[in-house]
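Please look over the structure below before reading on. Some questions and answers come after it.

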Amino acid sequence: MPEEKTDRKKIGAVLVVGGGVAGIQASLDLADSGFKVYLIDQGPSIGGVMAQLDKTFPTNDCSMCILSPKLVATGRHPNVTILTNAEITGLNGKAGNFEVKLRRKSRYIIEDKCNGCGICAQKCPIEVVDMYNEGLGKRSAIYVEYPQAVPLKYMIDREKCIGCGTCQEICKANAIQYDQEGSEATLEVGSIILAPGFEPFDATLKSEYGYGRFPNVVTSIEFERILSASGPYGGLVLRPSDGEIPKKIAFVQCVGSRDFQIGNNYCSAACCMYGMKEAVIAKEHTPSKLDATIFYMDMRAYGKEFDAYYERAQGEWGVRFVRSRVAGVTEDPKTGNLFVHYVEDETPRTEEFDMVVLSIGMQPPKNVEKLAERLGIRLNKYKFCETETFSPMETSKPGVFVCGAFAAPKDIPESVAQASGAAAKAMGIIASERGTQVTSKEYPPEKDVSKEEPRIGVFVCHCGINIGGVVNVPEVVKYAKTLPNVVYAEANLYTCSQDTQKLIREKIIDNKLNRVIVASCTPRTHEPLFKETVQEAGLNPYLFEMTNIRDQCSWVHMHEHEKATEKAKDLVRSIAAKAKLLKPLEKPIINVTPVGLIIGGGVSGMTAALELAGQGFEVHLVEREEELGGHLRKIQYLLEKKDDPKKKLDSLVKSVMENDRIHVYTGAEVVDVYGFVGNFKSKIRQQNGKEKEIEHGIVIVATGAVEYKPTEYLYGKDTRIITQHELEEKIAKGTFKAKNVVMIQCVGARNEERPNCARICCGQAIKNALKIKEASPETEVYILYKDMRAYGFKEDYYREAAMKGVIFINYEDERKPQVADENGKLKVTFWEPVIKEEVEVEPDVVVLSAATVPNPDNKHVAEMLKVPLTKDGFFLEAHMKLRPVDFATDGIFLCGMAHSPKYIEESIAQACAAAARATTILSKKSLEMEGIVANVSEDLCSGCRICEYLCPYGAVEMKDKDGKTLAHVIEALCKGCGACGTACPTKAITMGHFTTEEILAQVKATLLEAKA
Amino acid sequence: MSDEKKFEPKIIGFLCNWCSYAAADLAGVSRIQYPPNIIIIRVMCSGRIDPSFILEAFKDGADGVLVAGCHLPSDCHYISGNFKALRRVTLLKKVLRDFGIEPERLRLEWLSASEGDRFAAIVRDMVEEIKKLGPNPLKAKEVEA
């Protein structure tokens, strides 16, 4: 404010540093919750490492397919400003009111003018090594990082550019500016989120693996590009040295991770899974038989459904796993084949492979110390961002938050969850300023065109010479004019440019157009722009249609000008037939009750409640037990030692109980939930037996999980056999004494009944073993394990335990340890794989690392909310990779151990994430839904319920009307896929904007012969 | 028209918005060339594709129909539309012969957004196959009649 410089004034804007998937997610959550976002990235486009990946585990989803809608949403969001080629040079102020100084490198392109048509790159005579393809391909000196890049603005690589002037000559948009200079900028923001990601480990530092010397040794990220259909070899797995298809590939794990020599002691947390995925996908992509072998130390498949993937990799896909750290790789210079040297069964072995893939770890981003210094945040000893267990998104500087791999190495879903969590934190401190920095668009009142004859206007784009150089655009325009109901047609140099938008608006008004067609590029990126344009001219946006005469015509029939022109005419005729039938659609507006219901009062539920309350929303928190706390009540101390979980629990409970906005119901249960996003009504059965009805806009499921009660290893029959929780309690009480302890891992997990890993037991065993050693160093502690899954920085404690004399012994399923009571003495027998002998010990106590299993209530809660469970009985999110805390049903979210077993910091991150996702709804007075929804004609509906059964979103409900049961679409839940309309036997369901009549008209028109 | 030699099949492609249409776009961005015999009709989901659309297309003279959606099992933007398409197209293929249409004229493919080259290859392959089959037999009958 100009009058006086008070540093109290908060600013409703957030700076997000780093445009990878974490930065993108944080930006979208903030922008959708009423805050202005500045998203900065060092590079020329956003997308990060995920944009380079081929497939993602454990679903083998295509990475670009799931990422690009998010890229487009970020690029188009009215509240997100993307600043590329930018870095922070200074920071002033404090939480709530920061001043950030930026320096931006020049693009040598005027961003506002560049349409991303790409003709410059086609004509550029210079070839440069393409780093998006990890150096395996070539690009031009003027370039975009990848075809789907956002923003789609070209950049000149001035180090490589020879200044020939070709691009300047060819660019019809006059966007080239060779003498453009870098710029400085100052931003005012209330909080900052750091999401700068990670730097892949430099594999040349492990010279024994030959990377950089042997062409057929590649890194895992290079291999992602090799696998990708858009990569240098078009998705064929080929050897870089000779382009031959490999028959045998070795994957070497832990390159630059768990490595004391290099100083990267930590585990990079994602490599086991991506290594496995790359092996599986390589086998899929190779027509001949491919042998894939993974050399690993521990297979850390600790995430949700990861072990099931591991099982399939071994069984169904036949990937071979060898537990051994590879000592070195040498090359046969004649063939380019590689010899992998390793030790198995204490015997040195050498095996020949055609190719070696190094699973490289994650390092902190480059220049991170400079960034940390400028921002005043502390780094940990590995130079990742320092955080605490109970505040996993908070840096050492108030108002600056962190997410993604910069906080600790992690995979995509964890990064996404933490990003949403960071968004919650970032908006929490500026909640009072919500909506102050954002702009909402106003449109003129909509014209009623229902009584008018269709009057179609067609705008055909030259796209510079991208279309016009192949398709005879004037001829297409002339042809369009002959089509039924087309009253206007013209050609544009760039239909998407700013001046053309103005022109389209004028033509709509001058020619009384009531349907508009643009024949240009893809609706996937450009339809929203044109829809806005017609709306600005007073037309309903659904009266717009688009046809793709570039990506699907001129670019793919470049040498067949005549045929391409004919096809462009066919495409225009086809879409015009549809346009004629287009109907205005209303976007349903639904009101939102700004109240949250949270089921479960453990650390996740309480954290989510506090976050929502901090945002200014009322919360009902329902806990089944008599007191709040959940699983956290059983945790006596932490592996990371610093925080006292008991104190933290008490302060959490106190904050929740003292918060006026949070209504706590203990000893209570949610018994019924009706309604949909924004408008739920639920019944809570309270402790006194009375039912209370509440109204709320969202639901967060935080039902937690429970410790498995073992049936194995004499548990329950002998008091000397206890679980980790029981041990922890004894240690905390000071009643634990033993000279010899054996811990057995994976009890009730990774077996036939429960194939997945319970994730937290390895850390728990290490934690308790260290505690025992601390009190009594002479006590012998054995940990019998299948894989020690001490991922991330937990690896440090694994090492510490080993250094302190905890004995770790690997066991296989075929040779599980045996526990027996022989004349009152406990006896544990197990196979010692190094000395290759059965070993017997006589411990005082056997500790079972019992799995964490789903809350038995989940089934009931899932049925009530109509949300799915996994086979194991945990809740199943909308998408394993990019929507970790959402359900497919809008307005319902999940977090914590209801999702899968996890550590406290991970539960807190998810809880904050669920709160952020919920805020995107609760912060709005009303929600505008997509207009493309299904509609039921009650006259035709026979009430057969097929649609109700088919709808994956629960958007169809059956209603009684005049004695008939009829289907009814809850517009707020309908996503417009059209599956119901297709299945309806009486054709009672109409699918907005994709009606059967429209599609059939399109079919018919397409199959007419072009006649111009 | 000297129709016999120069038979150019007309193919309708019903493509879902999220993966397969994106694959067709990527073929364009990557400038992968394929014959211009296919006209794409965009729908939001392969689960929207009604068998009647396909039958109408054949009735109206299409020489081939491509239905494409997101990869099984879990790429579908609408969770399970691809499975619905799979069931419907599989069934339809079984009855097409009864209508006098070779089932080879109808193809169901799963395409991810990064498979531009595969999209182009499928179109090339379809055009070749259908050229061997000749024009839509329903069209020939109409001419006879």
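The questions below concern a predicted model, starting with one lysine and then turning to an interface.

Q: Which helix of chain A holds Lys773(A)?
A: Helix H18 of chain A covers residues 761-775. Lys773(A) has its place in that stretch, so the helix is H18.

Q: Which side chain of opposite charge is nearest to Lys773(A), and how far away is it?
A: Lys773(A) is buried and has no salt bridge. A salt bridge needs a nitrogen and a carboxyl oxygen within 4 Å. The nearest side chain of opposite charge to Lys773(A) is Glu780(A), at 5.9 Å.

Q: Which residues does Lys773(A) contact, leaving aside neighbours within four places in sequence?
A: Contact means heavy atoms within 4.5 Å. With those neighbours set aside, the contacts of Lys773(A) are Thr779(A), Glu780(A), Val781(A), Lys804(A), Gly805(A) and Val806(A).

Q: What area is buried between chain A and chain B?
A: On the chain A side 58 residues are in contact with 55 residues of chain B. Carbon and sulfur atoms give 58% of the buried area. The area buried between the two chains is about 4,900 Å².

Q: How many salt bridges does the rule find across the interface of chain A and chain B?
A: Asp50(B) forms a salt bridge with Lys987(A), with the closest N and O atoms 2.9 Å apart. That distance falls within the 4 Å cut-off. Across the interface of chain A and chain B, the number of salt bridges found is six.

How values were computed:
Residues numbered from 1 in each chain as written. Chains lettered and ligands numbered in written order. Predicted model: local features only at pLDDT ≥ 70, side-chain atom pairs only at ≥ 80, totals over all residues. Heavy atoms only, no water. Helix = DSSP H or I, 4+ residues; strand = E, 2+ residues; numbered from the N terminus. Buried < 20%, exposed > 50% of the residue type's maximum accessible area, 1.4 Å probe, protein only. Lys, Arg positive; Asp, Glu negative; His and termini not counted. Buried area = accessible area lost by both parts, 1.4 Å probe.
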